[in-house]
Amino acid sequence: MVNFTINGQSVSCEKGETILNVARKNAIYIPTMCYLQKTTPCASCRLCSVEAEGVEGFVLSCQAPAIEGLCVITESDSLHKERVNIMKMYDVNHPLECGVCDKSGACDLQNKTLEFNVGTQEFSAKDQHRKIEHWGRINYDPALCILCEKCTHVCNEVIGDDAIDLYFGGYGSKVIPKNSETLDCTFCGECISVCPVGALVSSDFQYTANAWELSKIPAACAHCSAACALEYEVKHESIDAIGQEKIYRVTNDFEVNTLCGAGRFAYDFENRIYGKDKEAFLGAIEAIKKGAIRFSSLITNEEAMILQRMKEKLGIKLFNQEALNFSKFMKAYGSTSGQSLYSATLEHIRSSDAIVIIGSRIATDNPAVRYAMTTAARHKGARITYMHPIEDALMQNTAKQYVKYEVGAEEGVMALLAKTLLEGKTLDSEISAFFAELDLGYLEAESNVGDEEMMQLKKNLTRTKKRTLILGADLIAHAKAENIARLAGLIEKHTEFKVMIVAPSTNTLGVSLICDLDEESEGYAVGYNARGEFVLSSFGEGDLDMPSLNQQEGTFTTIDKRVVPTNVALPYNGYVLNDLANALGIRAEYTIDYTSQLPYSVGFECNAFDTLNARYGNAIKDSRGYELKSIEVTCDGVLSSVDELPEFNGTVLYACNPVLQFTPNTQKAHQLEEEACLRGSEQFAIAAKLSDGDRVEFDFGTLRQKRIFKIDTALKGTIALNPAYDLGLAAMVSSYRYQSVKISKVGS
Amino acid sequence: MRKLPSLQDFKDRNVAEGSSYYNIDGEAYPETGWAQFKQVVTRTFRLELFVGLWVVLREMFKFNIHTVQYPAEKLPIGPRYRAVHEMQRLWESGTERCIGCGLCEKICISDCIRMDTKIDENSRKAVTEYTINLGRCIFCGYCAEVCPELAIVHGGRYENVSEQRAHYIGFEDMLTPLDMAISGKVAEYPGFGAVTPHEDERVKVTPLAY
């Protein structure tokens, strides 16, 4: 602990904490223009200067750590003069277009200019013509840019795209795309979010609404299991559409929380319907009574609870293969780790110094995990080992080691990994026997993961303290998923590694905990956002319409094992699942009445929906909702011996959506319109005898698909990526993500 | 300490004593029935009605009529009168002054202004639709006061008669006709929402020496 004073007020903090952070925690105001909590200090604005006793000149509070006994003064005449001068410099030739600027009303420059009362420009500089750049979803106006460097810092340190850079040219300095003519990145839009002025703006949003007109609705992102905190900004749609509401944009609390492009740009997936369809409603009731519901995990915890109640009351079956796989995986994991839940959180990843990730193309599967890993790599120097059959160009700057294994060999790789990590630990005789019996030669040869690679991995771990193992969706849908999970459980139990299991869909974790799922079987089933004989759909193509996730209130269970609330952004005037439940005799006034009824036995708390916090507020860490309790379970898992590893020969496709696409919801978004196509490397094209733009047809799992083949130069290897987000109700693929297929050309 | 007046003090106002109230001269009210009868008879037979009519007749034949021939003829309205809005154009170019900042929409206390904006092909903000619901407007003048571009002003059109309210909310009706603006027929607007005279003298000029 370090004790010192700020303005005479005695404060204390951890060693190494900056003066600015301590001041903020103690509600002492120090003005800043370029500071961002989640990156290293840009130190470009110098507005946060403070005086410290015994130190000549000013100290930059954003980067100076507190020292024992220091006397800091944050307000004095000379400091004020300095700050006023800085603001005067910022305001030189800043275009006077606040009237139309998107940022007006929420602009740091505007606020600080008023705060320091800069009413006139006393300096002069030759004004120059600066061209507005159009970078796809982002527009950049260099005339408005104040060169605070927040955008470049966040792009490099948090996102990991490293796509923008500062061009230094004195008065002509500006932000430019890095090593490229135009901006080539994943379009997360975080640079838009952090920009304190209106220099970087969303091209779709620009000039359509003002900051003060939009009502902010705190919610959780509905696209992946991170369920990031975001705010839907809503306003009336237009003069012509009377009474119609529309989401104009999504913003986030960028100081602490990061959004990917899907969260930021895919917000208009609401199911717009006009009135209630009584006939379809009655049909749905009859259909449900027939005995089975198949559903996807794109639902809230409350809806899952309603489905479970329907099962209890009517004795129907619930099918959700994806959640069932996940539930089995978690059970197997618990049977060796002794805990019902995994232990790592995104915050733990961010502060890790060694990370091993296996079985996920994480940059597309779950961007929040990727951002957390980027942060760890940049801030903690984390050594990241990325284990996957397909190299990912997006992880190149982040991962230290890439371990390529053969498709289907996940079980063998996991066994090798567990053996490496558990070496020298005292283990039960059974477990030791398992590792002793491993046919290393066979596993290494078949999985293509050599001894040297494992040695390198081990070397990466030397002198690291905080370690994380991340398991992806490939493992969960694997034929030997339970054995993989048991191995992961052992790693969690016996090493310093904390494990994170990335759920494949938004609320897979919640559904797997709440619902008592049945094995998939053929026969009559009602589909809820899934295929079925009678379909309840929020995608707008079913027999009875359901509200979309931005038209519902409820909670999600996130990757951080938190139960976070989401709110209604847009009105919905049709029937909801709770109406069906009420008609079936399961009474509750509102869907959120079920929030407090979520099963306590698996770790939920009995909190009412209205008591849950939806915003970050001033807390630096995620304090939305509440954290699930992990339940202790008995360690009775027995490892089964590693069978022969399956071989995948010929043309192999990997079920993987492109960046920013997750579900039919993201496909619906007008800003993310793109044609879904099969993407493969040049090598793949040669092997499969295809050329760019070919129309192809193939059976992927049980589904016959027609796609256009595109060569993606960023890809390597002989596995092509086959998206699933555009398949509507059939999009919820829950089988193993790799499939050997026979591709046939259908013209070109 | 001064004693605060109570509610009763306000009720017991004695107008007679030492106040500035005084009775105007007038005939005393007739109190008896006979007196009332006498008043009616006198008023009826003195033909007081024709005293007034005589004035009208006399002026009619003098052909010196001061009556304004409304609606053919209208009295000029003071420039600071707040009637139906007008949207101004720039003098030189005829460009619409409105930049779509949305301040009028925000400040409007009866919530009757609404605008739709977008980015145009020149990367400028363009107003695609603008309406004022005059059925709700209370003509308070806040919109004209807040407008940073002197675009929306209160004009002098005070006649609000139509079969439909919808007739009052069109942007084009309020917009100064383009030919008038370009030909310079529109004088700088002196009315409500315009800058006060001698505003130039108060402007601080940015130094241009470099």
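Which residues do ring pairs link into a cluster? In this predicted model, the cluster is made up of A:Phe648, A:Tyr654, A:Tyr736 and A:Tyr738. Rings of Phe, Tyr and Trp (its six-membered ring) pair if their centres lie within 6.5 Å, and planes under 30 degrees apart count as stacked, over 60 as edge-to-face and the rest as tilted. Over all chains, the structure holds ten such aromatic pairs. For A:Tyr736 and A:Tyr738, the ring centres sit 5.4 Å apart with the planes at 50°, so this pair is tilted. Relative accessibility is 11% for A:Tyr736, which counts as buried, and 1% for A:Tyr738, also buried (buried means under 20% relative accessible area, with a 1.4 Å probe and protein chains only).

Zooming out, chain A has 22 helices and 33 strands (DSSP runs: H or I of at least four residues for helices, E of at least two for strands). Its radius of gyration is 27 Å, close to the 27 Å from the globule rule for 748 residues, so chain A is as compact as a globular protein of that length. That radius is taken over C-alpha atoms, and the rule is 2.2 Å times the number of residues to the power 0.38. The C-alpha trace spans about 80 × 65 × 55 Å along its principal axes, and 61% of the 748 residues are buried.

A word on conventions: residues are numbered from 1 along each chain as its sequence is written, and chains are lettered from A and ligands numbered from 1 in the order written. Local features need pLDDT of at least 70 and side-chain atom pairs 80 or more, while totals for chains, interfaces and linings use all residues; side-chain values use heavy atoms, leaving out hydrogens and water.

Note on methods: Buried < 20%, exposed > 50% of the residue type's maximum accessible area, 1.4 Å probe, protein only.
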